[in-house]
Amino acid sequence: MSTFKLSNVIVVILVFGAIFQIVAVGYVAYSFHVFDFGSNGKQKGALPMLPNNIHSNDETSDRAMTQVRELVKKNTKLISSKKIAKPVVKSNNADVPKSIFSRFMEKSINKIGLPFKAKLPKKSSFDLFLGILTKEGEEDKREAIRSTMVARYGKQNWKYMFFVAKPKGFLIQAEVNKYKDIVVVDVSEKYRDEPKMVIALLQTALSAYDTKPKWIVKSDSTTYVNVDDLLRNLKKGGVKYSKNFYGGSPVEGNTPIRDKASQFYESMEDIPTNTFAPYNSQRGGYMFSSDLATCMVAKVASKKVKVLHNQDVAMSIIARACGVKPRAFSNHLSIMFPDMVDKGKMMNQDKRAKELSDMIPYQWNKRAAEAVGQLRKNIPDQRVHKCKVEFHDASKITLDTSIIITFVEEQPTVLVRTLRTILKNTPAKLLKEIILIDDGSSEEWLNQPYPLPSHASFPEGGAVALKQTKFIDYVKNISPKIRYIKQNREGFIRGRVKGIEATTAETFTVMESHAEVCDGWLEPLLWEIQVNPKTMANPVITQIHHHSFAFLLPVYQKMDYNYLFEMKWGTVRGAAAQKKEYRPYNSPVHAGGIFSMKKSYYYTLLGYDKAMKGFSSENLDLAFQVWMCNGGGRNIVVPCSQVGHVFRDKSPAVSLKIFTPHNVNTNKKILIDSWLPKGLPFRNEILKERHHDLDNFKLDHPEDIPRRQKWIKDHCVGWDWFFKNIGKPTHDK
């Protein structure tokens, strides 16, 4: 009897489990529009989805555009489950009762996100609609555009939307819900469907708002649009640009590809001539006046013109059907992400673009860096929840800090942003001062005018708010907490020595000149030093992309060292790996560019060696001192402290003047000879790996090495202890 009852219970559990799984899968599918069909059997769109056969008499198209219009009108209001927008559907089956499953799904919707962040009053007007074609997996490029171009120019008299082909996965749905700036078009993500994407873009621009924009620009995710310049030039053109205008970069004489295996194939039926008629290149984008866009959408809807498979050629043919030919509009768009563009396309860029490379001289994209402005409006808080729950209140921290920034001819706005971000995201009671160590910048660089008219004012965009002055004077006047010290070109190691000597706070924090500290960054570092004064505390470094200047995800890693005696990023293992996102963990060495330390503790160690030149190897030297000397020291990574940092593409020219092979070898030789006495097997292993540069290398001034060797012998434990308790070198190179 008990067996029978138990089997019944098992059956009931299995049945209810199966029902729950069906309901759960159904809910997810409904939310992501996997099998959401209307009464006519056609698949509905997604937030909003535009159909591929775009005709004005197509009920699916009407429904999609109605959804877009309704969402824009309702703007910042959320549509609750009790007030779900009912799209207009011209169907003879409108009275067919809904299934139980459909009714259940409707009630499961809590809210629907709106497609725009900015408020759009019912009778608002705007000048420009920017449609950006992008792909499902290009979230990094979309975020780059949001955090640079959109943040820089605001959205006062222009609107933008990203257009994405029907996604294969579900991840983009979270991005749609978060930003409300993505339109999904019901076409495949293929080159030959791009013309349909552009028509959907035009249709959205013309139909989603109560008023039409004056101009519509088609762009893509590899392009940066200077919106202010673009609108200024369009308005200057008057009637020439406001009526029947199809502008861009005209291309003439290109030959159709007849190979059916090619994605660029066009048939003789569609293109009977041996050359294309002139068209505006899709590279960089092109634009239409509103009246022309209206005509083009109508031509396609009435099937009076066929939409071909080559995006730029197809748009030209449709425009010609409206009696308009392509016209040159110079300097309308600018390439922003050259590393994300196909190399073949890069070869076609004009000579002027190459001469004025965005990467020179800073080895990051200087236009993107400028576009972010003097203070980024949306630094993402990527700390885990426990960091915020277990947050160390500044009032409970008794220490303060002096921040030391060494620099040489940094990009002005990047340095200004570093300073303004520190001042904004650091509690005033914890920040004693910011000491700027100028490592030999030229008078020309120091005295350059700043800000320029092209710069956004601080803190909001628009005309320059502060009177233009010499750049270094502008920097000094940002805050009374800023102190400026000039030295000859001696390198960052010696610059930091001077900075530490000049500090007046209990702790010092070494900071890069191209960094953006995140909210709550300093408190966790100082707290760990307060708990153990013999602490060298390092934040988690979050990469800022050197082309897009978008924040990427934080990487919770320790800093290892290898048999070349160089730092290498390593993986956190063991018990610490389970808590690495919120609990501090040990690291054998550190990167050396951003860390905090108690000044009094620093002076119990050897500290930085002034004999080292430029920079390099000082990071391993100081970390070894912390771990092995005078007992009780620790070098830790503090995950709840996060700082964004731009890793350059390569060393800029100004750094190469001091970051020479000779100086690098000098520093490495000092490190090896100080820490690894002759006869030590570990020394032989290191020198074996570095035979290519150190075999015959001699120090210019070796006289200080014996002093360092004696101090290490008297104050520090040996390598056997370090290997056992902290970490052995990795074989990674």
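## Disulfides

Let's start with the cysteines: this predicted model has three disulfides, counting pairs of cysteine sulfur atoms within 2.5 Å. Number the bonded cysteines in sequence order and the pairing reads 1-2, 3-5, 4-6. As a reminder, a disulfide is a covalent bond between the sulfur atoms of two cysteines.

Cys295 and Cys322 make one of these pairs, with their sulfurs 2.1 Å apart. Their link is left-handed, with -100° about the S-S bond. Cys295 sits in helix α9 (residues 290-301), while Cys322 belongs to the loop between α10 (311-321) and β13 (327-328), and the two are 27 residues apart. Is Cys295 buried or partly exposed? Its relative accessible area is 24%, so Cys295 is partly exposed. Cys322, at 17%, falls under the 20% cut-off and is therefore buried.

## Two links across the chain

Cys387 is joined to Cys640, S to S 2.0 Å. The torsion about this S-S bond is about -85°, so the Cys387 and Cys640 disulfide is left-handed. Cys387 lies in helix α14 (residues 385-389) and Cys640 in strand β28 (residues 634-646), so the bond ties together parts that are 253 residues apart in sequence. Cys387 counts as buried because its relative accessibility is 3%. Cys640 counts as buried too, at 13%.

The pair Cys629 and Cys716 has an S to S distance of 1.9 Å. Which hand does the disulfide of Cys629 and Cys716 have? The torsion about its S-S bond is about 95°, so this disulfide is right-handed. Cys629 is buried, at 0% relative accessibility, and Cys716 is buried with a relative accessible area of 15%. Turning to another cysteine, Cys518 is buried as well, at 5%.

## Nonpolar cores

In soluble globular proteins, nonpolar side chains tend to be buried together. Here the largest nonpolar core has 58 residues. The residues with the most contacts inside this core are Tyr561, Phe565, Met597, Phe624, Met628, Trp675 and Trp719. Helix α21 (residues 618-628) gives the most to the core, contributing seven residues. A second, separate core of 40 residues includes Phe163, Met197, Tyr209 and Met296.

Met628 is worth a look in your viewer. What does Met628 touch, leaving aside residues up to four places away in sequence? Its contacts are Trp675, His715, Cys716, Val717, Gly718, Trp719, Trp721 and Phe722.

## Helix α23

Helix α23 covers residues 661-675. At 1.5 Å a residue, its 15 residues should span 21 Å, and its end C-alpha atoms are 21 Å apart, so expectation and model agree.

## Around Ser513

Ser513 lies in the loop between β20 (507-511) and β21 (515-517). With a relative accessibility of 3%, Ser513 counts as buried because the cut-off is under 20%. Not counting residues up to four places away in sequence, Ser513 touches Ile405, Thr406, Phe407, Glu410, Val414, Leu415 and Thr418.

One of these contacts is polar: the Ser513 side chain meets the side chain of Glu410 at 2.4 Å. Ser513 and Val408 are 105 residues apart in sequence, yet their C-alpha atoms are 8.9 Å apart in space.

## Confidence in the model

The protein chain averages a pLDDT of 77, and 76% of the residues score at least 70. Over residues 23-123 the pLDDT stays under 50; the model has 162 contacts for this stretch beyond four places in sequence. Residues 460-465 also have a pLDDT below 50, with 13 contacts in the model beyond near neighbours in sequence. Where pLDDT is low, the predicted coordinates should not be read in detail.

Terms used:
Residues are numbered from 1 along each chain as its sequence is written. This is a predicted model: local features need pLDDT of at least 70, side-chain atom pairs count only at pLDDT 80 or more; totals for chains, interfaces and linings use all residues. Side-chain values use heavy atoms; hydrogens and water are left out. A nonpolar core is a set of buried Ala, Val, Leu, Ile, Met, Phe, Trp, Tyr and Cys residues joined through side-chain atoms within 4.5 Å. Buried means under 20% relative accessible area, exposed over 50%, partly exposed in between (1.4 Å probe, protein chains only). Helices (H or I, at least four residues) and strands (E, at least two) are DSSP runs, numbered from the N terminus. Contact means heavy atoms within 4.5 Å. A polar contact is a pair of N or O atoms within 3.5 Å; within protein, one must be able to donate a hydrogen and the other to accept it, and residues adjacent in sequence count only if both atoms are side-chain atoms. The expected span of a helix is 1.5 Å times one less than its number of residues. pLDDT is the predictor's confidence in each residue, from 0 to 100.
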